[in-house]
Amino acid sequence: HVIFEQARVVGPRRLGPNGIHCDDPFLKSVWLPKATSVGECTFGLCSSLTHISLPVVESIGANAFSQCRVLKSVSLDARHVGDAAFFACQELRTVSLPFARAASTALFRVCGLLKSVSMPVATDVLDHAFHHCPRLTSISLPEVCRVDDYTFSCCDKLETVFLPSAEFIHTDAFYGCRRLSKDKVFAPDHAKKLLPSSFGED
């Protein structure tokens, strides 16, 4: 259990005499009430981490929580969330990022149990952000303008996608989404014209 009430910037070797080791197998819970920034790889590979409390955090670095395999839920007010921040969090089921401006590259890649995602103000979804999330059945991203390459590829159970503000849906965004049909991607007409290539048909 880690409690650092005054820490504002958190990263490897910045907490305690020996810092936080990014592969600490015994760390189960983190409470950092004043931390505004979590550096890259800070808690990556913490295989027993189940709970994080970062009530005022604004920035999460790349791979900050990657491969925390028993972390089950995330609710953070960060505006910036770095690449692969939650990569391969195998038990992650629910995510709430109400102020995040983008779903960054590989953000939730290979999160095998992810079912619920709330990112109401995100405007970009970058490549592989949700690649191979086999339990994800539906997603709504109301402010997203750009959906990048392979964003939802290999989401085997994805059936409905709501992208009412989409301007661009890039190549292979839905590649390998076997249950998703084009009429279940709800997006403006000009964006839907790009769907054949986004399903890997070109």
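Me: What makes glutamate 91 and arginine 93 a salt bridge?

Reply: In this predicted model, the closest N and O atoms of glutamate 91 and arginine 93 are 2.9 Å apart. A salt bridge requires such a nitrogen and a carboxyl oxygen to be within 4 Å, and the value of 2.9 Å therefore meets the cut-off. Side chains of opposite charge can pair when their charged atoms come close.

Me: Why are glutamate 91 and arginine 93 called partly exposed?

Reply: The relative accessibility of glutamate 91 is 26%, and that of arginine 93 is 33%. Buried means under 20% and exposed means over 50%, so values in between count as partly exposed. Both residues therefore receive that label.

Me: How many salt bridges does the count give, and which residues are linked in a network?

Reply: The count comes to five salt bridges. Asp124, Arg146 and Asp148 are linked in a network.

Me: Why can the salt bridge of arginine 179 and glutamate 159 be said to link distant parts of the chain?

Reply: The side chains of arginine 179 and glutamate 159 meet at 3.6 Å, N to O. Arginine 179 lies in the loop between strand 16 and strand 17, and glutamate 159 in the loop between strand 14 and strand 15, 20 residues apart. Glutamate 159 is partly exposed, with 37% relative accessibility.

Me: Why is the pair of phenylalanine 152 and phenylalanine 174 called stacked?

Reply: A pair of aromatic rings is described by the distance of the centres and the angle of the planes. For phenylalanine 152 and phenylalanine 174, the centres are 5.6 Å apart and the planes stand at 5°. Centres must lie within 6.5 Å, and planes under 30 degrees apart count as stacked; the pair is therefore stacked.

Me: What does the pair of phenylalanine 152 and phenylalanine 174 tie together?

Reply: Phenylalanine 152 lies in the loop between strand 14 (146-147) and strand 15 (160-162), while phenylalanine 174 lies in the loop between strand 16 (168-169) and strand 17 (185-186), so the pair ties together parts that are 22 residues apart in sequence. Both residues are buried, and phenylalanine 174 has a relative accessible area of 0%.

Me: Why is the pair of phenylalanine 174 and phenylalanine 199 called tilted?

Reply: The ring centres of phenylalanine 174 and phenylalanine 199 are 5.5 Å apart, and their planes stand at 35°. Stacked pairs need under 30 degrees and edge-to-face pairs over 60, so this angle falls to the remaining class, tilted. Phenylalanine 174 is in the loop between strand 16 and strand 17, and phenylalanine 199 is in the segment after helix 2 (195-198), 25 residues apart. At 14% relative accessibility, phenylalanine 199 counts as buried.

Me: How many aromatic pairs are found, and which residues form one aromatic cluster?

Reply: A search of the whole structure finds nine aromatic pairs. The residues of one aromatic cluster are Phe43, Phe65, Phe86, Phe108, Phe130, Phe152, Phe174 and Phe199.

Me: Which charged residues lie over the rings of phenylalanine 99 and phenylalanine 199?

Reply: The charged end of arginine 79 sits over the ring of phenylalanine 99, 5.2 Å from its centre. Lysine 182 lies over the face of phenylalanine 199, at 5.1 Å from the ring centre.

Me: Why is cysteine 154 in no disulfide?

Reply: A disulfide is a covalent bond between the sulfur atoms of two cysteines. The nearest cysteine sulfur to that of cysteine 154 belongs to cysteine 177, 7.3 Å away. Cysteine 154 is partly exposed, at 24% relative accessible area.

Me: How many helices and strands does the protein have, and what share of its residues is buried?

Reply: The protein has two helices and 17 strands. Of its 202 residues, 46% are buried.

Terms used:
Residues are numbered from 1 along each chain as its sequence is written. This is a predicted model: local features need pLDDT of at least 70, side-chain atom pairs count only at pLDDT 80 or more; totals for chains, interfaces and linings use all residues. Side-chain values use heavy atoms; hydrogens and water are left out. Rings of Phe, Tyr and Trp (its six-membered ring) pair if their centres lie within 6.5 Å; planes under 30 degrees apart count as stacked, over 60 as edge-to-face and the rest as tilted. Helices (H or I, at least four residues) and strands (E, at least two) are DSSP runs, numbered from the N terminus. Buried means under 20% relative accessible area, exposed over 50%, partly exposed in between (1.4 Å probe, protein chains only). A charge sits over a ring if NZ of Lys or CZ of Arg is within 6 Å of the ring centre and within 35 degrees of the ring normal. A disulfide is a pair of cysteine sulfur atoms within 2.5 Å.
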